[in-house]
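This briefing concerns charged side-chain pairs and the setting of selected residues. Please consult the sequence and the structure shown below.

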Amino acid sequence: MNVNQHTPMASPYGQPQPGYGQPSYAPLDGGYPAPYAPYNGPASAYQPGAPPQGYSPFTSFPSKAVAANPVSDLSSPLDLGPGRGPPTSGPPPVSAPQQYTQYSHSQGDMQNGPPTMTQAPPRPAVSQPYSQGAMNLSGPPHPSYPQHYGPPPSMQHVTNQMSGMQITSGPPTPAGPGYAPPHSSQPPVSTAFPGAPPPSYTQAPPPAASSAPTQPPTPSGPTASQQYYGGPPPSQQPFNSSLPPTSQQQFTSSAPPPPSSQQSFSPSSYTGPVPPPTQAPAPPVSQPQQSFLPTQPPFSSAPPPVSQPAFMSGPPPPAQGSFPSQAPPPSSQPGSFPPPGPPPTSAPSGQYPGPMPPQQQPPPSQPPPYLSGPPPPRAQMPPTSMAQSNHLPPGPQGPTCPPGPMQQPPSQPGMQGGYPPQQNGAFGQPRGPQPGYAGPYPGQPNYGAPAPAPAPAPPAQKRLDPDAIPSPIQVIEDDKTKSTEPFTTGVRGQAPPLVTTNFQVKDQGNASPRFVRCTAYNMPCTSDMAKQSQVPLAAVIKPLATLPPDETPPYLVDHGEGGPIRCNRCKAYMCPYMQFIEGGRRFQCGFCSCVTEVPPHYFQHLDHTGKRVDCYDRPELSLGSYEFLATVDYCKNNKLPQPPAFIFLIDVSYNAVKSGMVSIVCQELKTLLDYLPRENPEMDSVVRVGFVTYNKVLHFYNVKASLAQPQMLVVSDVSDMFVPLLDGFLVNVNESRLVIESLLDQIPEMFADTRETETVFGPVIQAGLEALKAADCAGKLFVFHTSLPIAEAPGKLKNREDKKLIGTDKEKSLFQPQVGFYNTLAKECVAQGCCVDLFLFPNQYVDVATLGVVPVSTGGSVYKYTYFQAQSDQERFLNDLRRDVQKPVGFDAVMRVRTSTGIRATDFFGSFFMSNTTDVELAGLDCDKAVTVEFKHDDKLSEETGALMQCAVLYTSCSGQRRLRIHNMAVNCCSQLADLYRNCETDTIINFFSKYAFRGILNNPTKAVRDTLVNQCAQILACYRKNCASPSSAGQLILPECMKLLPVYLNCVLKSDVLMPGADISLDDRAYLRQLISCMDVAETHVFFYPRLLPLTKLESGSLPVAVRDSEERLSKGGVYLLETGLHLFLWVGASVQQELLLNIFGTQSFSQIDPSMTSLPVLDNPFSQRLREIVDSFRAQRSRYMKLMVVKQEDRAELIFRHFLVEDKSNSGGASYVDFLCHMHKEIRQLLS
């Protein structure tokens, strides 16, 4: 986690970490810097209360709103909070989400670790989760989560709660006295805290790291790590363990025990401690994240009002906690955290005055496990953690004692201290910066640690602490450290490293993950099990993927005139899954079990293990990927294919000429034609070329080598397209070079004074298709087009852009082609092997949904340069064009996926055409195109044999050779759901979900599509929780280890421009992105939905800086950050960046001298500039499209565009923040479970 946290960040913000908690208050009042403030909103949103809010898709998540509620959200109980808060403190009323709040919230919230910045309080968060459980403590023990307690307690109740919260002391028992005690124990907490984590949340691993820091205490190392999330003491751990995969993440997980005390924690409760808040304030600053807290605010003041306790804050926290709900906060717990460091004990006692005390003593022992005794009880709770917090029943809190105590702040000195003590891991705010991970998952954090005590903690910000929830960066970094050895593909069902990790692949019988990635490497044995889990069973296949230089491309195998050896029944190709029998004379198919004779020329003896003695000499018997040379039987019309042709069709209407596009294309083609694709770099390309220009009519050019000058032939009858010349249209570049260059020089001059503004489009593609038919070859059309084709001709379109339809049931019609002409044309193109790549240069609506039909159906690509300006867009366009012309491509391709008995391929997503249910037809297939295939059961699978799939692609290479590329993949099968959840790949699941959703909007309202995604994700996680996780409080959010990032990534898909557009996104952009994502591989969808954000303060050669999470609160005013989305690059420059950095990067002295319109970095003679340009170049080299660099100065207008890609924050179009969505998802899961 820490990674994410980015501690540093925090500090920048200024918040003092130490203060941590307190500070938060300050903000409360508004102290937070504006920018962050916004955050708050979100936080609260979650609040339980909030939920109602709307959420709606979730979007509503209002952020701030309700701080108080938040808690409740998670756990219902929370509710109470809200009311409370405000009252209490004078400080800002709860409502005020005030940033501060957020800040606090942060702490409280998640608590995850350090609350980011400073908040000590957050720690509490951790507890919160607990709280839930703990909550019980409220007096009634309430069931833990149930808590919910529906009614929110009355304010005062809350307050008391809060105050009492702490644990509720007496009552706590329910939770397990432990709870309360833990509280007191507090100290232990700190350590405990860490410990707790383990269970909790998320996978342990990451946590570990972070946790350690965070909570050093944690005693157990390892556990700690896990704890890190959950924390609970070992005891709790079980959960986790049980669930292997997951780690459960229960966020909360273990913590429970202690939780109680801390949990209750919820800072709010603490109120008393609140005082610390004072210090808190400071933190806020840094806290940007806090913003969530907003809710808190009230809290902030906390100290003052002891009563405050009510402060509700507590409750709010919940909100934030959303997850956790935190309600618990009440207990002072939150503080507790902090306390830990300090002797909580004492503090606690003070604090808790009444109730606490008991706990108090425990602390000592507790510490360690932090669960220590009491905790255990809670333990089960842990899981809850998150939830729990929610629960927190208000009751307890209320009771709890005496606000007075609460007030106590002092008592918690430690706390107040800012929690510093905690620092150590406990929640130590100090660590603030630290990644936060520390804390267990959101609520969790506390979790483990009893910490509790101190309620000081602060303010109750209950909001979930962003550092406490699963961090994509932490997962990515952990995977990089795990994957040091080459990945060997010989082990069936082994999940590969993530797409974000650099690794080498050794093919030992299964296809490299660069060619095939699966959503699950353990397939359920039965369809009932698959339906129960709702995990999509799919593979993302990129048949012609380019491999890094240190990996061997697939071998080409020639079996002579007989062609490749195949199974007689299912026609699967020879592969490592075929079993030779009868001394090698026959083989049994691994897919259908049919026995086939081995042809005499292919016979070979078997060794003592039953393997052929030539097994390792034959790629098809020992490797996962290889190619066969196809015979004439595999060719169209049973004759070998002609070499392919490239035809360039250039729009020469007024807009095209005026923008500079025509002259740029003609100039570039003069050199680009020397780089046409070829098999052998030593040889000239055999690809022939032709040229057409057009506006309302078409101009064909005869560029035969024997001519002195090119000849133009005009076809003005566009309703009946034909090619006016056969000889001289498609030519060899080297033979006709002089004529071609003369033509390319003349075209811009010829049309320089054109006044023709109208264009045609359908006849342009028909012209290219007819030329390929006449030459009897496959090929590619490169169409350079500028405007909506309104001239009279087949395929004529009208402007149908209507913003009023957005969000209505008729919106789906805008994504469908407006005429059927192009679907018919696409079918004809595929039959001929005519692939179309479209380069668009629109200044207004051009109906990409319709113009893109032919490119998408033929395996082509659409490139879009809106408001094209030669000066700023030329570099991007030319790089895209060069790559598009040069990249390896196959023509006239057919792909079929065969599977072993029990499953079959049922659905396909990508850029292709299908005329039946099994064959994927691609007029062109390049190295960037991926096809996503979904599998369904048609019978039972067995654990012994596993499941096999074989993807065979028949295509014509760019040299005119007919080939078969084969990719084989074997995965395990399982009869236990826990095994399925232990071996999934979230990035591939998201690739599938995004394509499924983006196709779904063609026939369904976008809101229905979003709801479907949320529901399926909730079902996946609820099934895990119900069948694989250890029993725990409902309040806890428990996630499988390998899917803990499913909520954050799914939220990014839901918030994407396609499914939830902002007011500024055009219909064409949405249609363009919808088509673009349909053929992306897993690496591309990953960076598209969760962009990479790198801090650039220190650059070392050879390694990249560790990324930070995509949230505004992770940005430091004094820093410079590089953000990559796969389509764009942004260089964000903070307003108070150091002069040295400015000189190194821009060569200027001050921030005001930076030119925001620059699209490339100045070439400066210093190591920093050199390394930064290397990084930018390496990012561009990894992507299929050239990313234009945009310099964004903080608080500049362009920052709105940049912020759109900070996907963990709330979006302008109504998309939820990660924290809010996690709470919403938790709520959905609980509804399914109840």
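The model is predicted, so local features need pLDDT of at least 70, side-chain atom pairs count only at pLDDT 80 or more, and totals for chains, interfaces and linings use all residues. Residues are numbered from 1 along each chain as its sequence is written, and side-chain values use heavy atoms, leaving out hydrogens and water.

**Salt bridges**

- The structure holds 45 salt bridges (a side-chain nitrogen of Lys or Arg within 4 Å of a carboxyl oxygen of Asp or Glu).
- One of them joins R1070 and E811, at 2.7 Å from N to O. R1070 belongs to helix α42 (residues 1067-1077), whereas E811 is in the loop between β15 and α34, 259 residues apart. Helices (H or I, at least four residues) and strands (E, at least two) are DSSP runs, numbered from the N terminus.
- R1070 is buried at 1% relative accessible area, and E811 is buried at 2%. Buried means under 20% relative accessible area, exposed over 50%, and partly exposed in between (1.4 Å probe, protein chains only).
- R963 and E679 form a salt bridge of 3.3 Å, N to O. R963 is buried at 11%, while E679 is partly exposed at 37%.

**Loop residues**

- R1114 lies in the loop between β24 (1092-1095) and β25 (1120-1124) and counts as buried, with 1% relative accessibility.
- G807 occupies the loop between β15 (779-785) and α34 (821-832) and counts as exposed because its relative accessibility is 63%.
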